[in-house]
Amino acid sequence: MSLHLELASQPLKDGEPVALCVFKGERISFSALATFGDEIEFGGEESETELISVASNGRLQRVLLIGLGRREEFDAHVLRRAVAAGVRCASANRLDALRVIVPEAGRDLSALVQAATEGAVLGQYENDVHRQKAEKKGRLERVVVVAPFADEMLERAVVRGRIVAEATNWARSLADEPSNLLPPRELAQRAAQMCVERGLAIEILTGAEIEAHGMGGLWAVGKGSAEPPALIVVRYEPTATADELWAFVGKGMTFDTGGISIKPWQGMEEMKADMAGGAAVLGAMRAIAELGSPRRLIGIVPAAENMPSGSALKPGDVIKTLAGFTIEAVDTDAEGRLILSDAIAYARQCGAQRIVDLATLTGSIIVALGDVHAGLFSNDDAWAAQVCRAAERAGESVWRMPVSDDYKKLIESDIADFKNYGGRPDATAAALLLSKFAADVPWAHLDIAGTAWLDEERPDSPKGATGAGVRTLIELACGS
Ligand code: BES
Ligand code: MN
Ligand code: ZN
């Protein structure tokens, strides 16, 4: 059931619970409730929440206090997270409606209303579609975003916030889906349905076509599974403008066992989310189709299941990629760069003038940056800066890492043009290999292996898939 969302300017109505935002170290002030006691102790730490009841006109009014942290550090990103935390608290307490009062702080009210709306929708996400009904957590049915006034501009902010956050939740649900329920053909099917609903064009290449096209990387990685690989190609063509063509490429491993270079069992179940980059690309395309963008966009998701079997790729095998380069597959677990090299080459064949890829590519980026920053690698400083600004506007942290031939030993093979694994600084080696396929096209690679998945819940996301990258791509395509 989808959330009823609306904008209003009236803080209290029909005894509905209200959410009040409180800055750290400041008194709780709310003129609409006369008897708001000084005795309430609430620290106002960022995303701290507390549900209380106060007497109002002879009845009890439920008030959800939401901490915003220090006023000097406040911005729309703080609000998004805090409202999400508030909504999660409200759901846990089985409230069915909440009026969220947007704090009057900062100049850009429209951005705050959008962020509050995003928080409300993001906070609704639970990975519980496979849980029996009785044990499900509560869900809010109705959220009213309360601003000092309600006009058309703020109505639009609510609509935008809903589109962006629903697309993020959809991407989360794809990445959280177990691999038996989401093999490449099913990922393609879900993409196709989304495209039909939103007027996007889609083309799906299946196993035999991938092989026949000469996409040796994607084919080699996918051929070891009973589930054939797929190349999902989504096109967004705005009617009014003939702008540059940009490609968004997302790694779509629906499961990564490592193949013959099989992974240890601990934590392997998380590899159902090795298509989080692909999900982010599809989620972003979904939102962009609704929001509109002056850019022509192509979303490319190479999807495959990396399995050990009698027909699987073997260590030492040499494959020929779409771009013509050969790669020695030293380690079959370094499969992401094999499928992405073909997808990036395909983007260039389609005429892409700028490329961004998103991939849960390496464990090494998790060691370097944890689950907070995504690694940003690029062959073009201006494009990297543009992607970086989009990420900042989206409230998704990225950290620039080097793409440099100083590391070229790591990708030099004795027998082929390149090899797919060369030693420990692996995120850098993987990025360097991908850069050879982007060649002279401005390209940025976001290694989201750390940010796409949470082992512990956060204010705006439960454990599991985060939808990382969706908002960055939307900002890049639609933002200023
Ligand atoms: N999908 C993994 C990377 C990954 C690891 C994502 C942990 C999310 C969490 C990737 O395909 C992989 O297996 N990378 C290997 C490469 C190595 C064998 C060269 C890695 O990083 O260990
Ligand atoms: Mn792997
Ligand atoms: Zn992988």
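**Entry 1: the manganese site**

The model I consulted is predicted.

Which residues coordinate the manganese ion (ligand 2)? I recorded Asp256 (OD), Asp333 (O), Asp333 (OD) and Glu335 (OE), at 2.1 to 2.2 Å. Along the chain, I wrote the spacing of these donors as D-x76-D-x1-E.

I then turned to Asp256, which bridges the manganese ion (ligand 2) and the zinc ion (ligand 3). The two ions lie 3.2 Å apart. I placed Asp256 in strand β10 (residues 252-256) and Asp333 in the loop between β13 and α8 (336-349), so this pair ties together parts that are 77 residues apart in sequence.

Are Asp256 and Asp333 buried or partly exposed? I found a relative accessibility of 2% for Asp256, which therefore counts as buried. For Asp333 I noted a relative accessible area of 22%, which makes this residue partly exposed.

**Entry 2: aromatic pairs**

I looked up the aromatic pairs and found a count of 5. One of them is formed by Phe325 and Phe437, with 5.4 Å centre to centre and 85 degrees between the planes, and it is edge-to-face. I checked where the two residues sit: Phe325 is in the loop between β12 (317-320) and β13 (326-329), whereas Phe437 is in helix α11 (residues 426-438). The pair thus links distant parts of the chain, 112 residues apart.

Phe325 has 30% relative accessibility and so counts as partly exposed. Phe437, at 1% relative accessibility, counts as buried.

I next recorded the pair of Phe418 and Phe437, which is tilted, with 6.3 Å centre to centre and 50 degrees between the planes. Phe418 lies in strand β17 (residues 418-419) and Phe437 in helix α11, 19 residues apart, and I noted that this pair too links distant parts of the chain. Phe418 counts as buried because its relative accessibility is 11%, and the cut-off for that term is under 20%. I concluded the entry with the grouping: Phe325, Phe418 and Phe437 form one aromatic cluster.

**Entry 3: helix α11**

How many residues of α11 are buried? I counted 12 of the 13, so the helix is largely enclosed by the rest of the structure. Among the buried residues I listed Asp426, Thr428, Leu432, Leu433, Leu434 and Ser435, together with Phe437. Just after α11, I noted that Ala439 takes a positive phi of about 50 degrees.

I looked up strand β3 (residues 49-56) and strand β4 (residues 59-67), which run antiparallel and are joined by 8 bridges. Which residue is the bridge partner of Ser53 in β4? I identified Arg62. The hairpin has 2 residues between the strands, and I recorded a positive phi near 50 degrees for Asn57.

How values were computed:
Residues are numbered from 1 along each chain as its sequence is written. Chains are lettered from A and ligands numbered from 1 in the order in which they are written. This is a predicted model: local features need pLDDT of at least 70, side-chain atom pairs count only at pLDDT 80 or more; totals for chains, interfaces and linings use all residues. Side-chain values use heavy atoms; hydrogens and water are left out. Rings of Phe, Tyr and Trp (its six-membered ring) pair if their centres lie within 6.5 Å; planes under 30 degrees apart count as stacked, over 60 as edge-to-face and the rest as tilted. Helices (H or I, at least four residues) and strands (E, at least two) are DSSP runs, numbered from the N terminus. Buried means under 20% relative accessible area, exposed over 50%, partly exposed in between (1.4 Å probe, protein chains only). Two strands pair if DSSP finds at least two bridges between them. Donors are N, O and S atoms within 2.8 Å of the metal (3.2 Å for Na, K and Ca); water is not among the atoms, so sites may look incomplete.
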